[in-house]
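I opened this notebook to record what I looked up in a two-chain model. The entries follow the order in which I consulted it.

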Amino acid sequence: MKNKFHTFLGTAILSCLIFSCKPKIDAPNPNKGNVDVTRFVAIGNTMSAGFADGALYNEAQENSFVNILAGQFKLIGGGNFKQPLISSGSVGVDANGNAPFKLGYSTDCLGATSLAPIPTTTVIDASTLSTSVYSSQGPFNNIGVPNAKVINAVQTGYGNSAQGAGNYNPFFYRMAANTASSSMLTDAQAANATFFSVMIGNDDVLAYAQAGAASDAITPSSGITGIGFDASMNTIVNTLTANGAKGVIANVPDVYSLPYFTTIPYNGLTLRQGQADSLNNALGGLFVFQAGNNPFVIEDTAVPFIGSRLIVAGELILLDAPLDKIKCNGMGSLTPIPDKYVLTLAEISNIQNATATFNATIKNIADTKGLAFVDANTFFKSLQKGIVYNGIALNTSFVTGGAFSLDGMNLNPIGNALLANEFIKAINLKFGSLIPQVDATKYRGVIFP
Amino acid sequence: MKRKLFLFIACSPILLFSQGFQVNLQGQKQQGMGGAGSALMQDGAAVFFNPGGISFLKENSINVGANAVIANSAYLDANTNSFARTTSPLATPFAAYAVWGPDSCKLKFGLGAYTPFGSIVSWQDGWTGRFALTSLKLQTIFVQPTVSYKLCDKLGIGAGFVFAHGDVELKKDLNLYDANGNYAKADLKGSTNAYGFNAGIYYQPCSKLSFALTYRSQINMKVKNGTATFTVPPSLNANVPSGPFSSSISLPSVFTLGAAYSVNQKLSFALDINYIGWKCYDTLAFDYKNNTSSLPDTKLPRCYKNTFAFRYGAQYWINDKFVARAGMSISLTPIKDGYVTPELPDANRLNLMAGLGYKIGNRFMVDASYTFENFKRKDHNLDLNLDGTYKTYISAMGLSVNYKF
């Protein structure tokens, strides 16, 4: 015995000398727990689709959080996950055929050049969204459709242009099994999934918020399927669970946590004394400005006669407000910033109340249907405060925060990887599985020229 | 000889590891006995181990030794199972000593050049912690002129002035992506000189038994004019400007209590207990000269604590020429839970050592030692949010030649 030990020790030391032995650390084996991810289908909106930088494009689709999730599912027996990919040769399209943004140099009306989101190309792509790819690429596992609301997901013929502008979605036309009659839900149902993800509902408030509450409307919380949030969401989950499939559902993040709404400060009107004096003279004392930071003048039709007022702290100016007009044409001082670029306290309150109601519905469905639940709202709020991931600091600041794409509403690849990890954590917690999280450091952040 | 010694110093890269940034490879005889040697006077390594004992050395001598250290670490991320290894280069810490004094004089002089602190670690490309660290090279050389005086037959004292030179280079990736798919990089490089001392008392109540008390001072290495080089996308050159930085790292004091017992002419035992003042390493701060909103000064919490090491070993003269040694040491890590970083994935360590010595004639002796360290630690770094397990193997082989005159 002692001899054997000595032989062992001698061999160990000798092999270390010769091969300079390398340490091993055994990783725990992935484990499916109580969940079967063989056939995974994702139903969702812009976020699930892999929409980023203001457009749908190949790289962003490859980095959609559901595609990342499906990649990790392969470790516990997940199958192929098909997405309606836009050709890698195309730069990508938004609903009107515009290309995605990239960071580039832009010269403003004052002649100052700085880094800003600029179009990758100004060429309009008219063909991508008018070409169905179902027969060549489908059927699809990712039924994520940009701009789709909960009430759209159950809408028959959502890809049918005959329904008229506003009632159909060209992104869904591309991928629908039947361009005339499919709904997102019927296509998702056709996948006969063993596992599904639902992250839809934020467009039901976001479309309204994104329009400065000047157009569109928040989806009513109650009403029949296709009209009300509750019934539509219940229909989606009931349909997907009908064959016994398990799933994961995420709630709706508060608009406050998106850089689109938080980048331009309410008091961003920075004036020198001379500028303040001349504005005060021109406005005849209607509003009084001082040297330094001043609140912008915004449109508010509720104010008698003048239809404008000073914005107050807590109100939001949207990222697509025309900055050149603000800098050079007196917008926000001599003339008000139009309503469509502003969310007032009352509008914010409507949005937040709706978000809270929707999230209560989603949590209730998750609990009654035994779904894993992702608190996306809390995730985005913690990102807003700032997180550190394996030494990388990230927050929701536009561009510099590192987690959002250049449209200020959708995540970039590392942001999507972090969101996918939230789903993995929720699934592991609910179903006792052991799916490793994805190494988010392998996913890029913002690209700088 | 002096010239050669200098060359040797100038050419040697230095190393690494053995508890914090301490390198405990200062003498081959001592290393073979677990790194204990403050109370067992054998050769010129006493300049490092106990200046008080130099006056008890019977002969003048020159002692030159070097080590080859191979360290391999691995990391397994707890959340993602992402796995990475270090590809750290071979490190070669050295030690050279000269001891001289007129015959039967109570005063003796010593000179030592050695490498008591250092670290070389380089993680594989693309590893998950690369935004915290890709590589670190910390090298120090201490040069120590020393005097030792034999107060009486039983008691000697000694002290040396320490001139310390340090070089440091730290590299990491930055989360800024250029159009070609490359991450931005930071490279912080600096060097500095500093001063300290090493003093000791040697007490030998009888020929078989001896005790030691030594103190090596804390040394503050202040890098005043380091060079920070940032390789970033061109549009960010003004936001993250390369330029000078200052920083500092404090190398800890070491207080040692030692004892040695010689059973007979052949068999001796030695024990050292170190109390190491690592608490001095609280924050790793980088003060950049050209601050911007994207390049603020940084303060990285390290929060090391004072700690102990226990080193003990034995040697046995097999015959007139051969001596065999064995020893072990227990090093308690100075790094608290929540503060382990990839620059030094330290843990409590149990190290095993063995050594051999061979006399060639009356004047020469060759000594060799082998050390093996194996340690593992799971930690969730609070600052980096890096959550995983580190495991390290270290093999150190050393050889020294001693010449008596």
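**Entry 1. Conventions.** I note that this is a predicted model, in which local features need pLDDT of at least 70 and side-chain atom pairs count only at pLDDT 80 or more, while totals for chains, interfaces and linings use all residues. Residues are numbered from 1 along each chain as its sequence is written, and chains are lettered from A and ligands numbered from 1 in the order in which they are written. I took helices (H or I, at least four residues) and strands (E, at least two) as DSSP runs, numbered from the N terminus.

**Entry 2. Chain B overall.** I recorded three helices and 20 strands as the secondary structure of chain B. The C-alpha trace of chain B spans about 75 × 40 × 35 Å along its principal axes. I then checked the radius of gyration, which is taken over C-alpha atoms, against the globule rule of 2.2 Å times the number of residues to the power 0.38. Chain B has 22 Å, in agreement with the value near 22 Å that a compact globule of 405 residues would have.

**Entry 3. Strand pairing in chain B.** I counted two strands as paired if DSSP finds at least two bridges between them. Strands β18 (residues 349-360) and β19 (residues 364-380) of chain B pair antiparallel over nine bridges. Within this pair, Leu356(B) has Ala368(B) of β19(B) as its bridge partner. The two strands form a hairpin with three residues between them, and Gly361(B) in the turn has a positive phi of about 65°.

I followed β19(B) onward and found that 17 bridges join it to β20 (residues 387-404) of chain B, in the antiparallel sense. Ala368(B) stands opposite Leu399(B) of β20(B). This hairpin has six residues between its strands, with Asn385(B) in the turn at a positive phi of about 60°.

I next looked up β12 (residues 254-262) of chain B, which is joined to β9 (residues 209-216) of chain B by eight bridges and runs antiparallel to it. Phe211(B) has Ala259(B) as its bridge partner in β12(B). β12(B) also pairs with β13 (residues 267-276) of chain B, antiparallel and over nine bridges. There, Tyr261(B) stands opposite Phe269(B), and a hairpin of four residues joins β12(B) to β13(B).

**Entry 4. The sheet of chain A.** I traced an open sheet of five strands in chain A, in the order β6-β1-β7-β8-β15, with parallel pairing. Its edge strands, each pairing on one side only, are β6 (142-144) and β15 (372-374) of chain A. β1 (residues 40-44) of chain A pairs parallel with β6(A) over three bridges, and Gly44(A) stands opposite Gly144(A).

For angles I used axes that are lines fitted to C-alpha atoms, for helices over the stretch in contact, with angles from 0 to 180 degrees between N-to-C directions. Helix α16 (residues 413-431) of chain A lies across β7 (195-199), β8 (246-250) and β15 of chain A, and runs at about 150° to β15(A).

**Entry 5. Helices against α14(A).** Which way does α10(A) run relative to α14(A)? The axes of α10 (residues 229-241) and α14 (residues 345-369) of chain A come within 10 Å and cross at roughly 25°. That makes the two helices roughly parallel, a term for angles under 35 degrees, while angles over 145 count as roughly antiparallel. The contact (C-beta atoms, placed from the backbone, within 7 Å) includes Met233(A) and Val237(A) of α10(A) and Ile362(A) and Ile365(A) of α14(A).

I also examined α9 (residues 203-210) of chain A, which packs with α14(A) at about 170°, the axes being 10 Å apart. That makes α9(A) roughly antiparallel to α14(A). Among the contacting residues are Val205(A) and Tyr208(A) of α9(A) and Ile351(A) and Phe358(A) of α14(A). Phe358(A) is also listed in the contact with α10(A).

**Entry 6. Between the chains.** How many residues does each chain give to the contact? Chain A gives 28 residues and chain B gives 34 residues. On the side of chain A, the elements with two or more residues are α1 (2-19), β16 (387-389) and β18 (447-448). Of these, α1(A) provides the largest share, three residues.

I also noted that β18(A) pairs with β7 (residues 155-178) of chain B in the parallel sense over two bridges. In that pairing, Phe448(A) has Asp178(B) as its bridge partner.

Methods:
Two residues are in contact if their C-beta atoms, placed from the backbone, lie within 7 Å. Angles under 35 degrees count as roughly parallel, over 145 as roughly antiparallel, 65 to 115 as roughly perpendicular and the rest as oblique.
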